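I opened this complex to log a few look-ups. The notes follow in the order in which I made them.

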Amino acid sequence: MLSTRLASLRRMQFLRSWEAILFVLFLITLFFNSARVPAYLTVDNQINVFYLYAEKIIVALIMTFIIINGEIDLSVSSVMGLAAGVLGRLIELGYPGELALAAALVTGLLCGLWNGLWIAYGRLSSIIVTLAGMIMFRGLVWVLVEDRSITTFPDWIHNMGQRPILGPFPLSLLIFFFLLIIAYIVLQHSAFGRYVYVIGNNREVARFSGVKVETVKLVLFIASGLISALAGVLYTARLGAMRASTAEGFELEIITMVLLGGVNIFGGSGTLLGVLLSILLILNLRNGMSLSNITLQQQTGVIGALLILSVLVPNLVTRARAELNRRRFARLTAERATPAERKGVKAETK
Amino acid sequence: MKFITRILRPEQVRELVTLFLIVIIVLGFGTLLTDYYTGRTFVRVSTSIAIIAVVAMAQTLVAITRNIDLSLGAIVGFCAFFLGVQLSYHHEIGPVPAALIAIAIGTAMGMINGLIIAYGRVPAIITTIGTMAIYRTAIVLYSAPEGGIVSAHRLPMWARQFASWSIFKVGDLDFRVMVGIAIAVVILIQLMLTYLPYGRRLYAIGSNPEAARIAGFPAQRIVFLAYLIGGALAGLGGYLFLLQYGNLMVLAGEGLEFDAVAAAVVGGVNIFGGTGTAIGAFLGATLIGTLDYSLRRWPAISEFWRNAILGLLILLAVATDSAIMARLRLIWARAAAARTTEMAEAKARSMPQA
């Protein structure tokens, strides 16, 4: 009885797909939010929902690559802060904004290079390298701007972050969509993307298959630094101000977006579609919570719980499934226990 | 070389290196700063490392089992806050019951981490980043009716004076009760790691989880207990935190988890499990505390350099450990093998004569 019901469940393929679960949850959130606020589903409001988190979702794209590759980058939020700090400090010192912008991006690239070299060639764990990077880069922001707040940005930087550039879309969202397409092509349709998966599955096998493991990892961390710096600049431009604590703690939500999207924390599996769905879910959930007057701090708590659940639930499901399979196997072997029975069965079939 | 391998183990060499670095820092800043060799310096440094040392013990326990706990700072903050609010309303609570309250709360929070990590098999880094956010939210929610602060002037008299209680005094040099508690904790944890079967099992799990599992160790329970004890230590850390600072904001204890990681790693605790001692982590905390205090007094650079240097220190410690410690162990293993052959040969030589 139980086994037939399970079999029918197993036949319902869509329930087994993580993306489908995310999609259903996303629809539920949309339904509740639009029931509460009539104008919720308008294009303007949806753009606004994205706009407020544009920097985080940009970084989530590269974080997807890194986690699929079997690594993690905890330093992204500090790189964002450091890029914002370099931008702010250089402008404060009177350098032209263009130069400051370029310097901020180069800083991000160097941070990524620093992390990447230790991880790829020093063969140190990315957890500890990027944790040290997170503390160190944040420390450098404090050195740069101390406890002041920098707000003297030129107009074009304000406009870059706050004005719509193309139709209703601000620059940060255009960059997100552009990077999303690039990321999709690279991850899902290029040799490099396959290498990212293969290394995440098994570093040694990848090496013996001739994949340049070190180069791939280095490229990923440099890209992570560069994109985080870009996100940091966009964040500063959107707020029109920066402090030493700018973007602090963002890694929590960025990693949550990726893991909730079904990317395996140990590497090797996950899709951009899943991450995109989890971004949609989290942003709309956050917006819904804001509509219900839940404070930002409480939302952070909810995101923290989501992060844990996004790994815990699949773990428990896998284990429950394995347990059921084990029991079924035990029962089947018990049924075929004695040779006499086996003979009897054969006789019947003849 | 032969002599060294006989009287020291690689871990002890590592501890001596940390101690050596501390001496260099003290001598170096002693020449740079005036009035450096005073009792005041000792009091400042020793009280500032008391809290970090206790929290670093928690980090050491979980690090030995190949895990990490980034929620420790939030646990310290919540315990300090909870206790602070309770003491503001209940002046009758004494020092010992207050400590027990903080430890109980910390244990409960560590238990949640342990359950999710050991039994739910969620990686420690993910779990504790998540619980860090949750516990921080808990502080904000819990402190909201109090306006988000605990003020020292509402605490009972003993709590305001606790930080200046001393065990003994030699002139300027004041050995505070807090420091005594921290050192007692370090010694207890070291004894547990060295002599209790549970302590040895932590190393077994950390150095080779697969072998430990095959040997029949209850890996999940051991890791769970490590988080439980870690939570209790963080609770004690919260108790000390409240008594040291008195005035708390919701950000209380923020960043302590990184200080604890730094102390453990600089002190030679391998974050990938299997090696490390409580004494080493304590020395790591001392090194960071001394450097921290000295840099702050040194006018040549701004105090804001602290975290940049801390991050670099962690990375350098890990990098040199991974490059050097493996080689050291190899030398020690060879020396041990050579000793065994020597003994066997000596025995063989003495046999025919007998």
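I take helices (H or I, at least four residues) and strands (E, at least two) as DSSP runs, numbered from the N terminus. This is a predicted model: local features need pLDDT of at least 70, side-chain atom pairs count only at pLDDT 80 or more, and totals for chains, interfaces and linings use all residues. Residues are numbered from 1 along each chain as its sequence is written, and chains are lettered from A and ligands numbered from 1 in the order in which they are written.

I looked up N293(A) and found it in the loop between α15 and α16 of chain A. Its phi is near 60°, a positive value in a residue other than glycine. For burial I count other C-beta atoms, placed from the backbone, within 10 Å of a residue's own: 20 or more is buried, 12 or fewer exposed, in between partly exposed. N293(A) counts as exposed because it has 7 C-beta neighbours inside 10 Å.

I294(A) sits in that loop too, between α15 (272-291) and α16 (296-335). I294(A) has 14 C-beta neighbours inside 10 Å, so it counts as partly exposed. I call two residues in contact if their C-beta atoms, placed from the backbone, lie within 7 Å. Leaving out residues up to four places away in sequence, I294(A) touches M289(A) and Q299(A). I also checked L226(A), 68 residues apart from I294(A) along the chain: their C-alpha atoms are separated by 34 Å.

**Entry: E146(A)**

Here I noted another positive phi, about 50°, in a residue that is not a glycine. E146(A) lies in the loop between α8 and β1 (149-150) of chain A. Why does E146(A) count as exposed? It has 12 C-beta neighbours inside 10 Å.

**Entry: chain A overall**

I counted 17 helices and four strands in chain A. The C-alpha trace spans about 95 × 55 × 35 Å along its principal axes. Of the 350 residues of chain A, 46% count as buried. Of the contacts in chain A with a separation of 6 or more, 77% join residues 24 or more positions apart.

**Entry: α10(A) on α11(A)**

Helix α10 (residues 171-189) and helix α11 (residues 191-201) of chain A pack at about 65°, with axes 5 Å apart. That makes α10(A) roughly perpendicular to α11(A) (under 35 degrees is roughly parallel, over 145 roughly antiparallel, 65 to 115 roughly perpendicular, the rest oblique). V186(A), L187(A), Q188(A) and H189(A) in α10(A) meet F192(A), G193(A) and V196(A) in α11(A).

I read pLDDT as the predictor's confidence in each residue, from 0 to 100. Chain B averages 89, and 99% of its residues score at least 70. The axes of helix α4 (residues 72-89) of chain B and α5(B) come within 9 Å and cross at roughly 140°.

How many residues of chain A are in contact with chain B? I found 35, in contact with 33 residues of chain B. On the chain A side, α8 (126-145), α14 (250-260) and α16 each supply at least two residues. The predictor gives the complex an ipTM of 0.85 and a pTM of 0.86.

Methods. Axes are lines fitted to C-alpha atoms, for helices over the stretch in contact, and angles run from 0 to 180 degrees between N-to-C directions.
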